[in-house]
Amino acid sequence: MTEDARFEDGSEAPVALRALEADDVPVLSALVQDAVFPITEMRWDRTRRRFALLLNRFRWEDRGSKDGPQRVQSVLAIEDALKVASQGIDRSDADTILSLLSLEWEAGEDGTGRLTLTLAGDGAIAIDVEALELTLKDVTRPYHAPSGKTPDHGA
């Protein structure tokens with residue numbers, strides 16, 4: 001008899017996931033919810049058609065850790081980026097820290113579409129892509145969340 005994998009089974013391993021279909025986006029969105037990052041850690045390489053963020057991701061998959069709330073640095077990369085636009089973000093202030101709330105996919109024609117990164121405080125980043133291809137990869141060991149708290153949206 002085999003058992004289905006459980007969410008808790010992956011709590012110690014670094015995340016390394018790819019989203020290639022619309023149904024994959026909510027999984028990555030849940031994992032990056034409440035990630036924070038300095039505005040200086042966003043990059044769009046027009047030549048390679050790649051938009052990437054270095055996030056300080058809350059480890060939702062390990063909420064029950066005996067070590068308390070943890071974060072980990074992760075790279076969120078969006079491939080085949082054709083156009084990037086933002087609203088509600090002051091790119092001139094290098095000290096700005098942004099908080100990522102969600103990822104949303106809106107399909108276009110022939111596999112194209114738009115990925116919207118919704119930020120706290122009414123900010124957003126919209127990335128038009130030729131095809132859906134996102135990767136989320138942890139790049140450091142987990143560390144104790146500086147706030148010592150689990151994000152709470154007042155359920």
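Q: What share of the 155 residues in the protein chain is buried?
A: In this predicted model, buried residues make up 39% of the 155 residues.

Q: Why is Pro 146 called exposed?
A: Its relative accessible area is 71%. The cut-off for exposed is over 50%, so Pro 146 is classed as exposed. Pro 146 lies in the segment after strand 11 (143-144).

Q: Why is Glu 79 called buried?
A: The relative accessible area of Glu 79 is 17%. Buried means under 20%, so Glu 79 is buried.

Q: Why does Arg 50 count as partly exposed?
A: Arg 50 has 25% relative accessibility.

Q: What makes Arg 50 and Glu 79 a salt bridge?
A: Their closest N and O atoms are 2.9 Å apart. The criterion is a side-chain nitrogen of Lys or Arg within 4 Å of a carboxyl oxygen of Asp or Glu, so the pair qualifies. Arg 50 is in strand 4 and Glu 79 in strand 5, and the pair links parts of the chain 29 residues apart. The whole structure holds nine salt bridges.

Q: How do you know that Asp 128 and Arg 114 meet in a salt bridge?
A: The N to O distance is 2.7 Å. The limit is within 4 Å, so the contact counts as a salt bridge. Asp 128 lies in strand 9 and Arg 114 in strand 8, so the pair ties together parts 14 residues apart in sequence. At 34% relative accessibility, Arg 114 counts as partly exposed.

Q: Which residues do salt bridges with shared partners join into one network?
A: The network consists of Arg 57, Arg 59, Glu 61, Asp 62 and Asp 138. Within it, the side chains of Asp 62 and Arg 59 meet at 3.1 Å, N to O. Asp 62 and Arg 59 are both buried.

Q: What makes strand 4 largely enclosed by the rest of the structure?
A: Seven of its nine residues are buried, so strand 4 is largely enclosed.

Q: Why are strand 4 and strand 5 said to pair?
A: Nine bridges join strand 4 to strand 5, which run antiparallel. Pairing needs at least two bridges, so these strands pair. In strand 5, Arg 71 is the bridge partner of Phe 58. Strand 3 (residues 42-45) also pairs with strand 4 in the antiparallel sense, over four bridges. There, Ala 52 in strand 4 is the bridge partner of Arg 43.

Q: How do you know that the buried residues of helix 1 line one face?
A: Val 25, Leu 28, Ser 29, Leu 31 and Val 32 are buried in helix 1. Seen down the helix axis, these buried residues fall within an arc of 165°, so they line one face. Just after helix 1, Asp 34 takes a positive phi of about 75°.

Q: Which residues touch the most other members of the largest nonpolar core?
A: Leu 76, Leu 100, Leu 103 and Leu 117 do, out of 30 residues in that core. Elements giving two or more residues to it include helix 1 (25-32), strand 4 (50-58) and strand 7 (97-107). Leaving aside neighbours within four places in sequence, Leu 117 is in contact with residues including Leu 53, Leu 76, Leu 100 and Ile 127.

Technical notes
Residues are numbered from 1 along each chain as its sequence is written. This is a predicted model: local features need pLDDT of at least 70, side-chain atom pairs count only at pLDDT 80 or more; totals for chains, interfaces and linings use all residues. Side-chain values use heavy atoms; hydrogens and water are left out. A nonpolar core is a set of buried Ala, Val, Leu, Ile, Met, Phe, Trp, Tyr and Cys residues joined through side-chain atoms within 4.5 Å. Buried means under 20% relative accessible area, exposed over 50%, partly exposed in between (1.4 Å probe, protein chains only). Contact means heavy atoms within 4.5 Å. The arc is that of the directions from the helix axis to the C-beta atoms.
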